Amino acid sequence: MSRVSTQHRTASTQNRTPLPAAAPFLLRGEVARPVSLTVTDLRERWAAHRADVVFHCTTDGPRHHTFEGALLRDVIADASPGFDARRRKDRTRYLLAVTGGDGHHTVLSWAELDADFGNVPILLATSMDGRDLDAEGSQLVVPSDHCGARYVSAITSVWLGEYTGPPLPPTLPL
């Protein structure tokens with residue numbers, strides 16, 4: 001079970017001692033404004049949301065964590081995705097691929113994040129269990145998942161693109 005809520009930054013979170021920063025990640029693909037973002041950028045430019053999550057690790061059992069960060073859909077929306085936001089079926093064709101520093105990657109559908117569909121509050125975390133992630137890099141957090149396999153650490157890339165379907169087979173002669 002997970003709980004996500006919007007948090008207002010307090011003086012204690014605004015006056016943090018800077019840590020050595022991880023490399024920025026790239027937000028790219030079918031967006032009008034590709035951008036390179038750091039954990040600090042995420043913290044300063046978007047509202048902070050908190051997720052209390054439990055995921056079940058096959059080796060260690062249940063893992064309880066609290067994450068804070070920007071909503072992935074808000075960050076993507078600011079980059080102006082290539083779909084027509086007024087057309088629901090247009091939005092459902094888009095996928096996101098998120099890659100981490102260790103090469104782990106996962107794929108999400110835009111519909112999972114979209115408020116008209118799944119409305120899952122997926123985070124680009126800036127802190128975990130009260131510890132800032134500036135040195136490690138942002139982490140993808142999917143609060144609705146029962147296991148942590150789609151959590152991606154030290155994000156290096158977020159790609160958004162349209163899935164056009166598999167190629168049609170060639171027409172067979174009659």
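Visitor: Where is His 65 in all this?
Guide: His 65 sits in strand E5, which covers residues 61–71. Keep in mind that what you're looking at is a predicted model.

Visitor: OK. Is His 65 buried or exposed?
Guide: His 65 counts as buried, because its relative accessibility is 12% and the cut-off for buried is under 20%.

Visitor: And what does the side chain of His 65 make a polar contact with?
Guide: With the side chain of Asp 129, at 2.7 Å.

Visitor: Which residues does His 65 touch, not counting those up to four places away in sequence?
Guide: Asp 129 shows up again there, along with Met 128.

Visitor: How many residues of E4 are buried?
Guide: Of its 10 residues, 7 are buried, so E4 is largely enclosed by the rest of the structure.

Visitor: Switching to rings. How many aromatic pairs does the structure hold?
Guide: There are 4 aromatic pairs. One of them is Phe 55 with Tyr 151: the pair is tilted, with 4.9 Å centre to centre and 50 degrees between the planes.

Visitor: Why does that pair tie together parts that are apart in sequence?
Guide: Because of where the two residues lie: Phe 55 is in strand E4 (residues 48–57), while Tyr 151 is in the loop between strand E10 (139–141) and strand E11 (155–162). Those parts are 96 residues apart in sequence.

Visitor: And what are the relative accessible areas of Phe 55 and Tyr 151?
Guide: Phe 55 has 14%, so it's buried. Tyr 151 has 8%, so it's buried too.

Visitor: What about Phe 83 and Trp 110, how far is it centre to centre?
Guide: Phe 83 and Trp 110 are 5.2 Å centre to centre, and the planes have 50 degrees between them, which makes this a tilted pair. It links distant parts of the chain, 27 residues apart: Phe 83 is in the loop between helix H3 (72–78) and helix H4 (88–91), and Trp 110 is in helix H5 (residues 110–113). Both residues are buried.

Visitor: Which residues do ring pairs link into a cluster?
Guide: Phe 55, Phe 67 and Tyr 151.

Visitor: I can see helix H4 now. What's up with Asp 90, buried or exposed?
Guide: Asp 90 lies in that helix, H4. Its relative accessible area is 10%, so it counts as buried. A polar contact of 2.4 Å joins its side chain to that of Arg 93. Leaving out residues up to four places away in sequence, Asp 90 touches Phe 83 and Asp 84, and Phe 83 is the partner of Trp 110 in the tilted pair.

Visitor: New topic: what order do the strands of the open sheet come in?
Guide: The order is E3-E2-E11-E6-E7, so that's 5 strands, with mixed pairing. Strand E3 (35–37) and strand E7 (105–109) stand at the edges with a single partner strand each, so one side of each is left without a neighbour in the sheet. On average, neighbouring strands here are turned by 20 degrees against each other, direction ignored.

Visitor: How many bridges join E6 to E7?
Guide: There are 5, and the two strands run antiparallel, with E6 covering residues 94–100. Leu 96 stands opposite Leu 108 in E7.

Visitor: How many residues does the largest nonpolar core have?
Guide: It has 38 residues, and those with the most contacts inside it are Leu 72, Leu 96, Leu 140 and Val 158. Strand E8 (residues 123–128) gives the most to this core, with 4 residues.

Visitor: What is Val 158 in contact with, leaving aside its neighbours within four places?
Guide: Its contacts include Leu 72 and Leu 96. Among the others are Phe 25, Leu 26, Leu 27, Arg 28 and Ile 76.

Visitor: Last one, how many helices and strands in the protein?
Guide: It comes to 5 helices and 11 strands. Of the 174 residues, 41% count as buried.

How values were computed: Residues are numbered from 1 along each chain as its sequence is written. This is a predicted model: local features need pLDDT of at least 70, side-chain atom pairs count only at pLDDT 80 or more; totals for chains, interfaces and linings use all residues. Side-chain values use heavy atoms; hydrogens and water are left out. Buried means under 20% relative accessible area, exposed over 50%, partly exposed in between (1.4 Å probe, protein chains only). A polar contact is a pair of N or O atoms within 3.5 Å; within protein, one must be able to donate a hydrogen and the other to accept it, and residues adjacent in sequence count only if both atoms are side-chain atoms. Contact means heavy atoms within 4.5 Å. Two strands pair if DSSP finds at least two bridges between them. Axes are lines fitted to C-alpha atoms, for helices over the stretch in contact, and angles run from 0 to 180 degrees between N-to-C directions. Rings of Phe, Tyr and Trp (its six-membered ring) pair if their centres lie within 6.5 Å; planes under 30 degrees apart count as stacked, over 60 as edge-to-face and the rest as tilted. A nonpolar core is a set of buried Ala, Val, Leu, Ile, Met, Phe, Trp, Tyr and Cys residues joined through side-chain atoms within 4.5 Å.
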